[in-house]
Amino acid sequence: MRKSIGRELLLLLTFFGSIWAVVSYFSEDEAEDCDVIPEDLYDKLGDFVIDDFSQSSSLILIANDSFSLESWNEILHRLDFDNSNCRAIYLSRNPEVNAYTLPGDNIVVYSGLIEFVESGEELAAVMAHEFGHVKKGHVRELLKERFAMTSLIMIVSGDAGGNLLLELSDFLFTAAFSRDNEKEADYYGLELLERGNLSTRGMLRFFEKLEEEKMEMPEIISAFSSHPLSADRLEYIRTHAAKSVGDSLLNMNWNDFQKEMLDLAAHGDQ
Amino acid sequence: MKDLGEEKYVSIPQPEDVPVREREDAMGAYLMMFAALAAGLPLPIINLIASLVYYFIHKDKGPFIKFHLLQSLYSQLITSGMNVVFVFWTVRIFFFESTMVTDYYKGYVAVVVLANLLYFIFSIIAAVRARQGRFFYFLVFGKWAFHQAFSIRNADVKVHVNKTPF
Ligand SMILES: [Zn+2]
């Protein structure tokens, strides 16, 4: 009697277990189908945006797949930059407190952000969040929504007239990630910090400071689209930070780093 | 663990042995959930309470009814448990936003939908069979309920006080 019930129970559990596994696995595939934008097309678009960007403001290369500023190595290593899918990180002279991910998965950090944060752990937290946008393909998602495939093909074929430029700049100034994307990037960021054995309190500190100063993290693609710092965002980061296990600090001198970056930004602008 | 050895069961009734009254009460066990379905959707526990009350009212009316009561109760217990987890998880995501819609969540939604669907279909089949004075065994719960309703316990074995003089 027991044996045959046990057999049936096993059958039932296996059945529902596989349904769960298969659907979980399948929906993961679905989430990643934003690869409809071909890789080389996406990279070309990235170059195009960076080109366009550097014409109006300074861009100093911090890191890409073959180069990185020595002072950044500690942060990049802890956040596993090599596996971040991020193409490059740039520093730009701008007093705004901001960092964002551009199409092409290039991250731009404003000198205003470097000036605002008070520790390497806080900067690492912001970078981890951006890595989250990159890893989760949020920019591709946005692009897919915004552009028709044909306009992308036009860029590549060189047929990109004024219309497309207009459309692109419009995109840059208005596009913003959804709240879900922000949350996903936050979660991925927290995960990344923990994996790097870094305290997640840096992220908490950063968000608390934003709140204290009644600032919004403008972030995201455009410097003009602001993103409200919702109460629940602070809440779940607080919950996470409370049970944070990674507690080791970055092996770097923040004041030296900050000075070097601000000098670099000021110099690069000339 | 105690080795139960060969199980002894009370003889199983055939349709003609089951009075109409018993058939209807047995069918009622499965229909309880339809009655409570609307109320039970937001709070699956309500279903369960209705079924428990029904169980305690009818449980001593013979093994045929008891089998159907237990089968319905056990399967509902498991399904409701899954629904409670689903409601809890969903509320956490959409009202408190303390977690995300993950792939595991999507997988779980599929499992819960399927489980409820199977529960629904098999309950209807079992209710119809019960009305005909027949049996229908669910996976796992069927055998379990049958064992509980029909096995002969020591207390049930009649001590023969009166004996013939020969
Ligand atoms: Zn973001």
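In the predicted model, 26 residues of chain B are in contact with 23 residues of chain A. About 2200 Å² is buried between the two chains. Carbon and sulfur atoms give 70% of that area. On the side of chain B that touches chain A, 17 residues are nonpolar, four are polar and five are charged. Helices α4 (103-131) and α5 (141-150) of chain B each supply at least two residues of this side. The most comes from α4(B), with 10 residues.

Polar pairing across the interface was examined next. Three residue pairs are in polar contact between chain B and chain A, both residues of each pair being at pLDDT 80 or more. One salt bridge is found across the interface. Lys143(B) and Glu8(A) meet through their side chains in a salt bridge, at 2.9 Å from N to O.

Over all chains, the whole structure holds 16 salt bridges. Among them is the pair Arg140(A) and Glu39(A), with the closest N and O atoms 3.1 Å apart. This pair links distant parts of chain A. Glu39(A), at 45%, counts as partly exposed.

A second pair in chain A is formed by Lys209(A) and Glu122(A), whose side chains meet at 2.6 Å, N to O. Lys209(A) counts as buried because its relative accessibility is 4%. Glu122(A) is likewise buried, at 3%.

In chain B, Lys59(B) forms a salt bridge with Asp60(B). Their closest N and O atoms are 3.7 Å apart. Lys59(B) is partly exposed, with 24% relative accessibility. Asp60(B) reaches 66% and so counts as exposed, the cut-off being over 50%. Salt bridges with shared partners also occur in chain A, where Glu118(A), Glu122(A), Arg205(A) and Lys209(A) are joined into one network.

Terms used
Residues are numbered from 1 along each chain as its sequence is written. Chains are lettered from A and ligands numbered from 1 in the order in which they are written. Side-chain values use heavy atoms; hydrogens and water are left out. A salt bridge is a side-chain nitrogen of Lys or Arg within 4 Å of a carboxyl oxygen of Asp or Glu. Helices (H or I, at least four residues) and strands (E, at least two) are DSSP runs, numbered from the N terminus. Buried means under 20% relative accessible area, exposed over 50%, partly exposed in between (1.4 Å probe, protein chains only). Contact means heavy atoms within 4.5 Å. Buried area is the accessible area (1.4 Å probe) that two parts lose on being put together, summed over both. A polar contact is a pair of N or O atoms within 3.5 Å; within protein, one must be able to donate a hydrogen and the other to accept it, and residues adjacent in sequence count only if both atoms are side-chain atoms. Ala, Val, Leu, Ile, Met, Phe, Trp, Tyr, Cys and Pro count as nonpolar, Asp, Glu, Lys and Arg as charged, and the others, Gly among them, as polar.
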